[in-house]
Amino acid sequence: MGQEQKPGRRLVLGAAVLGAAGAATVGTGGSALADGKSGGRGKDGPGGKLPVPAVVAHRGASGYRPEHTFGSYQLALDMGADVIEQDLVPTKDGHLVCRHENDITATTDVAAHPEFAGRKTTKTVDGKPLTGWFTEDFTLAELNTLRAKERIPQTRPHNTLYDGRWQVPAFEDVLKWAEQQGRKRGRPVWLHIETKHPSYFRKLGLELEPRLAKLLRKYGRHRAHSPNFVQSFEPSSIQRLKKLVDCPGVCLLDAPGSRPWDFVEAGDPRTVADLVKPEGLKWMARFADGIGPVVDLVIPKNPDGSLGEPTTLVRDAHAENLVLHPYTMRNENSFLPLDFRKGDDPNAYGDAFGAFRAYFSTGIDGIFTDNPDTGKLAAADFDKG
């Protein structure tokens, strides 16, 4: 890597100011001020302040518990995660539940339920054929008979200890949990809420955006001051949500050559590589308050898998008042850049602290991680340095 340029210590006001002022304002010294109109950090809103860099618990503390379970969410909160992520998919009867994918084959014990053997099927989701069991073929009551399990047991065998311990959480129950935990702790619990495959579900009559907006309104999390983000890999989903709620929206961005699925369906030829150019960022800033790029868009990897030189994405996005929360940092060697791996065991931990430091040094506003305790320690080290 080239010489690290560490930004000054920064604090970003949460959705209160993100919604009102557009996003964090980037000063000439690299400081992100909460409110460009105030000439300082602005006023605290109900959502409170998020530190920079913020640590976003990716599907909860999924490095230690099966993802998207209350065990994963609670552990992330107990570890001090600044924000906790939920991915939303619908049930047959229109409830939103927390799964990374609507295909629940790898994350539940559905295959062990003979009463659901006939539900196994093949579907095409966003152009990819998948065979398994899908949330949209189950009612919420039926899903509640299943239990969650570890998605990658070969990589995280210790997590299999918790297989069968928790159900698939309904998103409304997560909102109730966040409300309860917020009262207990005396501060709001921040959430990062993703709509998964929104175009696919819209065609099935299971639109995600109005269902999400209804729940956010029910629990008072729809305002610009609310302690949550809404996010999607489909920009049109953020555009739809912007008309329904005032909380800040984040456009997720995959590999440079990929295209958002709503672009594919609409015949929009733009790729992610186009969206991370200044003109693409300017377009997203019309309706979004931030971006969630894959980490390779911030620092590309060399052909051997080691980190290369940072791109101008952080600078360019901040110029459009967009907050950056890249994804995903994990502690295992198999997920780390080559120059931060230790030993030959792909499942052993590498130099995750070094990798966090490299990404934080680019000036990002936060990062998604499966290991929020590691992320919090790394952020504290970075802040001291």
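User: In this predicted model, where is the place of lysine 49?

Analyst: Lysine 49 belongs to strand E4, which covers residues 49-52.

User: Why is lysine 49 called partly exposed?

Analyst: The relative accessibility of lysine 49 is 35%, and since buried requires a value under 20% and exposed a value over 50%, lysine 49 is therefore classed as partly exposed.

User: What makes cysteine 247 count as buried, and what makes cysteine 251 count as buried?

Analyst: The cut-off for buried is a relative accessible area under 20%. Cysteine 247, at 6%, therefore counts as buried, and cysteine 251, at 0%, is therefore assigned to that class as well.

User: How many disulfides does a search of the whole structure find?

Analyst: The search returns zero disulfides; a pair of cysteine sulfur atoms would have to lie within 2.5 Å to count as one.

User: How much space lies in the largest pocket, and which residues are the closest to its centre?

Analyst: The largest pocket holds about 980 Å³ of space. Its lining consists of 37 residues, of which His100, Glu101, Lys196, Phe233 and Asp254 are the closest to the centre. At least two lining residues come from each of several elements, including strand E9 (128-132), strand E12 (249-253) and helix H8 (261-266).

User: How do the residues of that lining divide into nonpolar, polar and charged?

Analyst: The lining of the largest pocket has 14 nonpolar residues, nine polar residues and 14 charged residues.

How values were computed:
Residues numbered from 1 in each chain as written. Predicted model: local features only at pLDDT ≥ 70, side-chain atom pairs only at ≥ 80, totals over all residues. Heavy atoms only, no water. Buried < 20%, exposed > 50% of the residue type's maximum accessible area, 1.4 Å probe, protein only. Helix = DSSP H or I, 4+ residues; strand = E, 2+ residues; numbered from the N terminus. 1 Å grid on protein atoms, 1.4 Å probe; cavity = no way out; pocket = protein on both sides within 12 Å on 5 of 7 lines; lining within 4 Å. Points joined across faces, edges and corners; volume = space filled by probe spheres on them. Nonpolar A, V, L, I, M, F, W, Y, C, P; charged D, E, K, R; others polar.
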